[in-house]
Amino acid sequence: MTHMVVDHPYFGAFMLLVITFTAFGATLFAARFVSRKLARLDTEKLKLTIYECGPEVTKQPNTISAQFYLFALLFILFDVEIIFMFPWAIDFKVLGWFGFAEMILFILLLAIGFIYAWKKGALEWHSIK
């Protein structure tokens, strides 16, 4: 074969991928080149000096509790699980009794996870003070 086959249905998408990949790489290379040329080089001495001065490090009185992150994680987890119920609700009649039993099992597992998090105290909001 001495010529290129361009009648494949995904040839355009492949070429778009290749062009995008090349343009992205060229942009990164150009940005790196320009930033190295425009960067100030006289700050290297300052970067290599020993850091021995400045304010004394003190503990911040207001910290964010890890409880907040756990609460947010549980919200996202249960929110995503609830989203899985929408396709089931749309095809409820098509799925029949098997789909109903499957969703009951899913809701039961969701409730078990919710009760477990509740018993562990993950849903209680503690004061930072």
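Which residues of H3 are buried? In this predicted model, the buried residues of H3 are Gln67, Leu74 and Phe78. Viewed down the helix axis, these buried residues fall within an arc of 25 degrees, so they line one face of H3. Ala66, Leu73 and Ile76 lie on the other side of H3 and are exposed. The cover over the buried residues of H3 includes helix H5, which spans residues 92–119. Helix H3 itself covers residues 66–83 and has 18 residues. From its first C-alpha to its last, H3 reaches 26 Å, close to the 26 Å expected at 1.5 Å a residue.

The setting of this helix is the overall fold. The protein has five helices and zero strands, and along the sequence the pattern reads α-α-α-α-α. Of its 129 residues, 8% count as buried. The protein exposes about 12600 Å², and carbon and sulfur atoms supply 73% of that area. Among contacts between residues at least 6 apart in sequence, 60% join residues at least 24 apart.

The buried nonpolar residues can be considered next. In soluble globular proteins, nonpolar side chains tend to be buried together. The largest nonpolar core of this model has seven residues, namely Leu74, Phe78, Met85, Met103, Leu110, Ala117 and Ala122. H3 and H5 are the elements that give two or more residues to this core. The most comes from H5, with three residues. One member of the core, Ala122, is in contact with Gln67, Leu70, Phe71, Leu74 and Ala117, when its neighbours within four places in sequence are left aside.

Gln67, one of the contacts of Ala122, is located in helix H3. Gln67 has a relative accessibility of 14%, and because buried means under 20%, Gln67 counts as buried. The C-alpha atoms of Gln67 and Leu123 are separated by 8.5 Å, although the two residues are 56 residues apart along the chain.

Aromatic rings form a further set of features. The count comes to five aromatic pairs. One of them joins Phe92 and Phe100, with 6.4 Å centre to centre and 75 degrees between the planes, and this pair is edge-to-face. Phe92 has a relative accessibility of 37% and therefore counts as partly exposed. Phe100 is also partly exposed, with a relative accessible area of 33%. The rings of Phe114 and Trp118 have centres 6.0 Å apart and planes at 55 degrees, so this pair is tilted. Both Phe114 and Trp118 lie in helix H5, four residues apart, which is about one turn of the helix. How exposed is each of these two residues? Phe114 is partly exposed at 37% relative accessibility, whereas Trp118 is exposed at 53%. The cut-off for exposed is over 50%, so the value of 53% places Trp118 in the exposed class.

Ring pairs also link Trp88, Phe92, Trp97 and Phe100 into a cluster. Phe92 and Phe100, described above as an edge-to-face pair, are thus among the members of this cluster.

Notes
Residues numbered from 1 in each chain as written. Predicted model: local features only at pLDDT ≥ 70, side-chain atom pairs only at ≥ 80, totals over all residues. Heavy atoms only, no water. Expected span 1.5 Å × (residues − 1). Buried < 20%, exposed > 50% of the residue type's maximum accessible area, 1.4 Å probe, protein only. Arc of directions from axis to C-beta. Contact = heavy atoms within 4.5 Å. Areas by Shrake-Rupley, 256 points an atom, 1.4 Å probe, with all protein chains shown as cover. Core = buried A, V, L, I, M, F, W, Y, C linked by side-chain atoms within 4.5 Å. Phe/Tyr/Trp six-rings, centres within 6.5 Å; stacked < 30°, edge-to-face > 60°.
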